[in-house]
Amino acid sequence: MIAILSVFFLANQSYGQAIAERWHTCLGGSEWDEGSGIIEAGGSYWVVSNVESSDGDISNNHGRYDIWLANIDSLGNLIFKTTFGGSMGDGGNTDILKINDSTFYIVATTLSTDGNISPYTPPKASDNYWILKVNTRGEILWDKVLGGNRIDRIQNGLVTSDGGIIAFGYTNSEDGDITQYFDDYDLWMVKLSGEGEIQWDFTLGSFSGEGGGSIKQTSDGGYIVIGHTSGGEGGNFDTTCNYHGPGGYGYTDAWVVKLDSLRNIEWQQCYGGYYHEGGTNIIELEDGYICLGDANSDDGDVSGYHGYPGYPEFGPDIWVFKIDFGGNLLWQKCLGGTFMDYANNLFTTSDGGFMIVGQTSSDDGDVEGYHGINQLRDDVWLAKITADGELTWQYCYGGAGKEYIYKGVWQKGDYNYVLAIGTDTDEWQCRGPMYPDVRVFELGDTTTDVIPEYTTTLRVYPNPAQDWVTFEIGGNEPTTLIIYNHTGQLIEKLELRDSRTSWNAG
């Protein structure tokens, strides 16, 4: 028996979805290139990548690494491309943020002082925040280099409700644009107006190291920050925040800080166990916050860890936990297997649950279908959990090589995503097998993937079908119908040239 659902049953998706690749494209040159961020705007996709090449699809590299902006259509065809950077290397945790269909922010880290980078005043002498506002013609409307005399690295950015941007990351600078520095590495955020003017900056930290993570604007006009802390004294870290580890290098807790609209700390809390925990993403819900991070402990707040606690060579689990509006822990869940599992991307789904998109090198525990030849190769990993954190579905996407994923995920639906990654899987590369290329692809739920190309109506009966099934379409254009089974295997491609077609499903 085979069950066939039309596009009009998309709202009735249930657990057990079978995901398959709908399309893919390979972009890049002969050197090291990998996708980092993606957005949808005006019916097409805009991808930012860290690129080393200056051939193939990539031209005008300014030196070492550049940021490459590529526009592709809904099936992966390259429409437009341009590069941004200087002679010393630019990129890192590069991301693209949508302001509207014609204007975007790009956030990255730069070492350069030339090329596309606007002149700036010392003491910015090392890694610095680099924020660009660009349009769909690839023109830089303005750019800003921010930081101090040491290392300042962007982790991500946030488009604020006034059209400006908050650039968020970490710093160990004590001068330049940083108005307050505590010690070691601190979390540092800086707010720019829509015209690129600095409006304020703010530091979170202690006399030991902090890092991470993510910042979001909250419904009350304030902000919620997630990252990690080593639990030291001093700064604006509250030593009563329930830090779990012994302190020192390699021992951190996930750290969540709630700020009001003027950056006053309303509360802060630490979550974790004896070893290393960190936070990568956070989403506000109706009754609290859902937090995404990584865990290497199996005590304290952490239970269900799949590896060997305290052994970083095996890597962390993906760790997801929910807190209320006061920071109280409601539940937590470790996801993954024995080896490295990590994620930056967290999405809400229509059933009140969540989809996590990250990477895995495990082939046990929660992970099934790993493609790598050993645990030194990562797959892209999607994990669907309920509103209470229970894993209901997972999917590995990859080849024999390594797939590199950071922020390059765009959600189209609960089980429908467009991703921009790097891959060194040989058969997936388009510019030679030595270095990674950019791979952009769409994953979709095949249990509802009966989609007429030109028509607007489709009837399928009987459904489920034992032997014969009939398709009725409205309209007169020839239509290709693609049918998959519940595992995502292609069963049939039918050319529907009449209003009614019968097919043997037995």
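This is a predicted model: local features need pLDDT of at least 70, side-chain atom pairs count only at pLDDT 80 or more; totals for chains, interfaces and linings use all residues.

Reader: What makes Tyr129 and Trp188 an aromatic pair, and why is the pair called tilted?

Author: Rings of Phe, Tyr and Trp (its six-membered ring) pair if their centres lie within 6.5 Å, and planes under 30 degrees apart count as stacked, over 60 as edge-to-face and the rest as tilted. For Tyr129 and Trp188 the centres are 4.9 Å apart and the planes stand at 50°, so the pair is tilted. Tyr129 lies in strand S8 (residues 128-135) and Trp188 in strand S12 (residues 186-192), 59 residues apart; strands (E, at least two residues) are DSSP runs, numbered from the N terminus.

Reader: How do you know whether Tyr129 is buried or exposed?

Author: Buried means under 20% relative accessible area, exposed over 50%, and partly exposed in between (1.4 Å probe, protein chains only). The value for Tyr129 is 0%, so Tyr129 is buried, and Trp188, at 0% as well, also counts as buried.

Reader: Why is the pair of Trp200 and Tyr223 called edge-to-face?

Author: The ring centres of Trp200 and Tyr223 are 5.9 Å apart and the planes are at 65°, so the pair is edge-to-face. Because Trp200 lies in strand S13 (residues 198-204) and Tyr223 in strand S15 (residues 223-229), the pair ties together parts that are 23 residues apart in sequence. Trp200, at 13% relative accessibility, counts as buried, and Tyr223, with 6%, is buried too.

Reader: What makes the charged end of Arg263 count as sitting over the ring of Trp200?

Author: A charge sits over a ring if NZ of Lys or CZ of Arg is within 6 Å of the ring centre and within 35 degrees of the ring normal. The charged end of Arg263 is 4.0 Å from the centre of the Trp200 ring and sits over that ring.

Reader: Why is the contact of Asp127 and Arg153 called a salt bridge?

Author: A salt bridge is a side-chain nitrogen of Lys or Arg within 4 Å of a carboxyl oxygen of Asp or Glu. Asp127 and Arg153 meet at 2.7 Å, N to O, so they form a salt bridge. Asp127, at 10% relative accessibility, counts as buried, whereas Arg153, with 32%, is partly exposed.

Reader: How do you know that Glu390 and Lys333 also form a salt bridge?

Author: Their side chains meet at 3.9 Å, N to O. Glu390, at 43%, counts as partly exposed, and so does Lys333, at 25%.

Reader: Which residues lie closest to the centre of the largest pocket?

Author: A pocket, on a 1 Å grid over the protein atoms alone, is an open set of points where a 1.4 Å probe fits, with protein on both sides within 12 Å along at least five of seven lines, and lining residues have an atom within 4 Å of a point. About 1,000 Å³ of space lies in the largest pocket, a volume being the space filled by probe spheres set on the points, which are joined across faces, edges and corners. Of its 43 lining residues, the closest to the centre are Asn93, Arg153, Gln155, Tyr170 and His228.

Notes:
Residues are numbered from 1 along each chain as its sequence is written. Side-chain values use heavy atoms; hydrogens and water are left out. Helices (H or I, at least four residues) and strands (E, at least two) are DSSP runs, numbered from the N terminus.
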